[in-house]
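Here are a few exercises to work through, each with its solution.

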Amino acid sequence: MPPQFRFSDIEQICKRLGMSKLGKGKMLWRGVGSDGLYRQTTIHSHGDGVPVSNSTVKKMAEQLKFKDVDDMADFLNNRHRKP
């Protein structure tokens, strides 16, 4: 079973990757990480505790330049890991 993410988890990952919201009230997150890669994703947040569907998580993992969903879960759970 794939790892389950909530919108707050995705936002936390984006912040750790050096990304920021395009503006207040916007859904677009973008930025350049410490590895020099440009990342961009859209977060249609429906509340911090709401789970994100598996298909959406898979797409976000690709957009955030992770190998797969498990790699993104490892990044979230390992605070000392760099992208």
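**Exercise 1.** Which residues does Arg39 touch, not counting residues up to four places away in sequence?

*Solution.* A quick note before we start: this is a predicted model, where local features need pLDDT of at least 70 and side-chain atom pairs count only at pLDDT 80 or more, while totals for chains, interfaces and linings use all residues. Residues are numbered from 1 along each chain as its sequence is written, and side-chain values use heavy atoms, with hydrogens and water left out.

Step 1: look for contacts, meaning heavy atoms within 4.5 Å. Arg39 touches Leu17, Met19, Trp29, Arg30, Gly31, Gly33, Gln63, Leu64, Lys65 and Pro83.

**Exercise 2.** Say whether Arg39 is buried or exposed, and find its polar partners.

*Solution.* Step 1: Arg39 counts as buried because its relative accessibility is 3%. The cut-offs are under 20% relative accessible area for buried, over 50% for exposed and partly exposed in between (1.4 Å probe, protein chains only).

Step 1: polar contacts are pairs of N or O atoms within 3.5 Å; within protein, one must be able to donate a hydrogen and the other to accept it, and residues adjacent in sequence count only if both atoms are side-chain atoms. The Arg39 side chain has one with the side chain of Asp35, at 2.8 Å, and also reaches the backbone oxygen of Leu64 at 2.7 Å.

**Exercise 3.** Work out what covers the buried residues of α3.

*Solution.* Step 1: pick out the buried ones, namely Val69, Asp71, Met72, Ala73, Phe75 and Leu76.

Step 1: check what covers them, which includes α1 and α2.

How values were computed. Helix = DSSP H or I, 4+ residues; strand = E, 2+ residues; numbered from the N terminus.
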